[in-house]
Amino acid sequence: METEAMDTTSVATTAREHDVRLAALASECGTPLYVYNLTLIRARVLELKRMLDPVGGQLFFAVVANDRPEILRVLAEMGVGACVNSMPHLMLAHGVGIVSADTQFTATGITLQDMRRLQELKVRANLDSLSQLEAWLDLGATEAGIRLNAASLGGSRSADRLGIPASELPTAVSIAARVNARLTGVHVYLGTSFQSPEEMLPTLRRAVEVAAGLPSLSYVNIGGGIGVDYEHRGRRFNLSAFGDGLADCARFLSDRVGRPVDLVFEPGRALVAECATFVTTVTDVKELRGERFVGVDGSIAVFPRPLVHPESPHSIRWIGPTASDRSGPLLRTSIVGRSSFSGDILGVAQLPGDLRVGDLLAFDDAGAYLQSVASRFLGQPEPSTVFLR
Ligand SMILES: Cc1ncc(COP(=O)(O)O)c(C=O)c1O
């Protein structure tokens, strides 16, 4: 079930009023339920654009983080471009009106068939290896982007499988020159879930120094990275300091290259994670070895982040039913999904000791890498989804 509802959230709305609203939506639409607040997404776009505006940077959204057309449409309306890594995601982006010029395709092992289609559609691609670059140019492209491996740029970054080492960049330039093509873009994926700009900027500065050596450079694309304070410890990523770092990079680039170079920034998590809540209903309460386990009508099949990223758990709280009171002492509780899989554990939280079947639990920051990662594993029904406008 998919529903649209009026957004009654405002700055003045208290946390409790918000939870009452979530509980009302849960009883109206059923659970498990994703509630997206499109107003918050708009506000987040403006915040990120404010950070990029001083450097004339372009904001793209990494569709892997959330592929809901309702969300992509809001982003498209606000002039956000798309970072896609598959043809279905490209079609979704185009379907909501994001044009090829505002789209970049960044992936590994792109098939020749996909390369042909991208060239027909005039979508820029950031190639992952020298052989992918050759294949792209053999098909007749006159320009290409290349991915730089972040770990090869030095520093303490752990090794990853993406892109070419910085030392191969001159070879990439000559591969392009051999067929009178130009290497116009550099993409660097810094990593994900960083809590501070200091964890990202040194690698980015190094990437920009290396990119500046490309004779035909016209853009640098920075893939993702900004993290979310999932556990609500009060540490928000400092966007203004990151913006200052980007401004330094942009200045360096235009000084070195002698003309403006476009900066593209393509966050996924940072744009949408905080804009949704997942609501699930308690279906069982039991004790085992003195520990409390609460079964819910959700599952890691439809709420998969805890399985993939147990190190950054979501904040979880009781939100209803609103007519009842659960003010007793809090108990450590494991929240488990309705399946046979022993790893179906959605999280651990301090929840009221008198929690009952029928109670509602809310998981915050549920907008990224959740619905887009959900799978058929465990045969769970599709959650209801509400978009607050
Ligand atoms: C190429 C690329 N860009 C951007 C992102 C978004 O990263 P994040 O969610 O950390 O912002 C991803 C995520 O996988 C990606 O693969």
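Reply: In strand β9, the bridge partner of H187 is N221. Strands of a sheet pair through backbone hydrogen bonds, either parallel or antiparallel. Here strand β8 (residues 182-189) and strand β9 (residues 219-223) are joined by five bridges in the parallel sense. Two strands count as paired if DSSP finds at least two bridges between them, and the helices (H or I, at least four residues) and strands (E, at least two) are DSSP runs numbered from the N terminus. The model is a predicted one, in which local features need pLDDT of at least 70 and side-chain atom pairs count only at pLDDT 80 or more, while totals for chains, interfaces and linings use all residues. Residues are numbered from 1 along each chain as its sequence is written.

Me: To what sheet do β8 and β9 belong, and how many strands has it?

Reply: They belong to a closed barrel of eight strands with parallel pairing, in the order β3-β4-β5-β6-β7-β8-β9-β10. Neighbouring strands of this sheet are turned against each other by 25° on average, direction ignored. Such angles are taken between axes, which are lines fitted to C-alpha atoms (for helices over the stretch in contact), and they run from 0 to 180 degrees between N-to-C directions.

Me: Which helix lies across β4 and β5?

Reply: Helix α4 (residues 87-95) lies across β4 (81-84) and β5 (103-106), and it runs at about 170° to β4.

Me: How should I read the packing of one helix on another, for instance α6 on α7?

Reply: Two packed helices are described by the angle between their axes and the distance between the axes. The axes of helix α6 (residues 130-138) and helix α7 (residues 169-178) cross at roughly 15° and come within 10 Å. That makes α6 roughly parallel to α7; angles under 35 degrees count as roughly parallel, over 145 as roughly antiparallel, 65 to 115 as roughly perpendicular and the rest as oblique. The crossing of α6 and α7 is right-handed, a term for the near helix being turned clockwise from the far one by less than a right angle, with anticlockwise giving left-handed. L130, L133, E134 and L137 of α6 make the contact with T171, A172, I175 and A176 of α7, where contact requires C-beta atoms, placed from the backbone, to lie within 7 Å. The residues of this contact of α6 with α7 comprise six nonpolar, one polar and one charged. In this scheme Ala, Val, Leu, Ile, Met, Phe, Trp, Tyr, Cys and Pro are nonpolar, Asp, Glu, Lys and Arg are charged, and the others, Gly among them, are polar.

Me: Are α2 and α3 parallel or oblique to each other?

Reply: Helix α2 (residues 38-52) and helix α3 (residues 69-77) pack at about 40°, with their axes 10 Å apart. That angle makes α2 oblique to α3. The crossing of α2 past α3 is right-handed. In the contact, L38, I41, R42 and V45 of α2 meet I71, V74 and L75 of α3. The residues of this contact of α2 with α3 are six nonpolar, no polar and one charged.

Me: At what angle do α8 and α9 pack?

Reply: Helix α8 (residues 201-211) and helix α9 (residues 239-257) pack at an angle of about 10°, their axes being 10 Å apart. The two helices α8 and α9 are therefore roughly parallel to each other.

Me: Which strands does β11 pair with in the antiparallel sense?

Reply: Strand β11 (residues 276-288) is joined to strand β2 (residues 33-37) by four antiparallel bridges, with Y36 opposite A276. Four antiparallel bridges also link β11 to strand β16 (residues 360-363), where V279 has A362 as its bridge partner. With strand β12 (residues 291-296), β11 forms six antiparallel bridges, and L288 is partnered there by E291.

Me: Finally, how is the chain divided into domains?

Reply: The domain assignment, whose bounds come from an automatic or database source, gives domain 1 (2-36 + 273-388) and domain 2 (38-272). The contact between them takes 18 residues from domain 1 and 20 residues from domain 2. The C-alpha centres of domain 1 and domain 2 are 33 Å apart.

Key. Two residues are in contact if their C-beta atoms, placed from the backbone, lie within 7 Å.
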